[in-house]
Amino acid sequence: MSNTSPDWPEPIVRVQSLSERCIDSIPDRYIKPPTHRPVSASTSTSTSDANIPVIDFGDFLGTDPDARKLVLQKVAEACNDWGFFQVVNHGVRPELMDKARETWREFFHLPMELKQKYANSPKTYEGYGSRLGVEKGAILDWSDYYFLHYLPLSLKDYNKWPSLPLSCREVFDEYGREVVKLGGRLLKALSINLGLEEDFLQNAFGGEDIGACLRVNFYPKCPRPELTLGLSSHSDPGGMTMLLPDDQVAGLQVRRGEEWITVKPARHAFIVNIGDQIQVISNAKYKSVEHRVIVNSDKERVSLAFFYNPKSDIPIQPAKELVTPDTPSLYPPMTFDEYRLFIRTRGPRGKSQVDSLKSPR
Ligand code: OGA
Ligand code: NI
């Protein structure tokens, strides 16, 4: 299936339709160079039981100050050691999480003609997509996605959200509201842990005017999972990501040194990770961490990545409080609009973007 949008460098192929056609091979465009494959000579996939920390967030809102301190401490350790953690007892209803994921799964199972009405272009990326980046001839990832804006309200446009399944808009409206609340609470915890006022990060993100968007990832079955990736290694360009993973199928891997750790999702947990903008504001006290997704030959996988971002047109720079003679400012101010052009042009490329930003000194 292809669309005729002139904005992409070549016709778009839906990975889902490829998956239905390909029995025992995949097109060359999806075959990664050997060092980027899931099992390569330069990195290894951990065979240990290592997992990212799982944190019970319940006590953060409770009245027991000691219990709250303990939660903060666990969050601080996770941010320092991993840049990734899972939260349970986070305040978002488990039924709502399941409903949101299964509603989106249903969307991807609709007939292709219906989905094609929402085909996206690289101008805004909103809608149904199958690639990130516009470089002609690029090697592609084994996934389709749906991208939409939830905040600011000026960008929220129901016409760009699917009209089917019928409950989609209503379910995602409620889901967005709840996940935004969770995002605010998490930013408070991070601000306190960085030694800043509890509203510091929220204010640096634009206060009430933050950006929030959703990328629903659909990873179809793949006959040659050892040759490709569902999503290439990247760090998230935004502020913080709250990911609702598939409840049946693992696939997310987090980089730790030269190893890739496969995340084992806890039931009804959100997987939280630090994005590049928090690395910048914290002057690299907290670092965004590379992650990628592997696919498999038995089962499709659906995940909902909710991005909690700074307002897109305000300068983002290291907090003055964290800039000292010993820890000089590492990054020049840049708006998130400017920043995200990189990934939208070149596609996912590890941490090369935030690393390239460092002010020369
Ligand atoms: C993302 C992402 C991970 C996953 O969408 O940025 O990293 O498990 N997704 O789908
Ligand atoms: Ni990501």
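Predicted model: local features only at pLDDT ≥ 70, side-chain atom pairs only at ≥ 80, totals over all residues.

Trainee: Are Asp-236 and His-291 buried or exposed?

Mentor: Asp-236 and His-291 are both buried.

Now let us move on to the charged pairs. Side chains of opposite charge can pair when their charged atoms come close. The model has 23 salt bridges. One of them joins Arg-101 to Asp-247, with 3.4 Å between the closest N and O atoms. Since Arg-101 is in helix 3 and Asp-247 is in the loop between strand 8 and strand 9 (252-256), the pair ties together parts that are 146 residues apart in sequence. Arg-101 counts as buried because its relative accessibility is 2%, whereas Asp-247, at 41%, is partly exposed. Another salt bridge links Glu-300 and Arg-105, at 3.1 Å from N to O. Here Glu-300 comes from the loop between strand 12 and strand 13 (301-309) and Arg-105 from helix 3, so parts 195 residues apart in sequence are tied together. Both Glu-300 and Arg-105 are buried.

For a local pair, look at helix 8 (residues 336-346), where Asp-337 and Arg-340 are 3 residues apart, about one turn of the helix. An α-helix has 3.6 residues a turn, so residues three or four places apart point the same way. The side chains of Asp-337 and Arg-340 meet in a salt bridge of 3.7 Å, N to O. Asp-337 is partly exposed at 35% relative accessibility, and Arg-340 is buried at 11%. Salt bridges with shared partners also join Asp-98, Arg-101, Glu-102, Arg-105, Asp-246, Asp-247 and Glu-300 into one network.

Leaving aside residues up to four places away in sequence, Tyr-175 touches Leu-96, Met-97, Ala-100, Leu-244, Phe-270, Leu-304 and Phe-306.

Helix 5 itself (residues 168-193) has 26 residues, which at 1.5 Å a residue should span 38 Å; its end C-alpha atoms are 37 Å apart, which agrees. Just after helix 5, Gly-195 takes a positive phi of about 80 degrees.

Finally, a few backbone details are worth checking on your screen. Most residues other than glycine have a negative phi, and most peptide bonds are trans. The bond from Leu-151 to Pro-152 is cis, with omega near -5 degrees, and so is the bond from Leu-164 to Pro-165, with omega near -10 degrees. Pro-152 lies in the loop between strand 5 (144-151) and helix 5, and Pro-165 is placed in the loop between strand 5 and helix 5. Tyr-125 is not a glycine, yet has a positive phi of about 70 degrees; at 2% relative accessibility, Tyr-125 is buried.

Terms used:
Residues numbered from 1 in each chain as written. Chains lettered and ligands numbered in written order. Heavy atoms only, no water. Helix = DSSP H or I, 4+ residues; strand = E, 2+ residues; numbered from the N terminus. Expected span 1.5 Å × (residues − 1). Buried < 20%, exposed > 50% of the residue type's maximum accessible area, 1.4 Å probe, protein only. Contact = heavy atoms within 4.5 Å. Salt bridge = Lys/Arg side-chain N within 4 Å of Asp/Glu carboxyl O.
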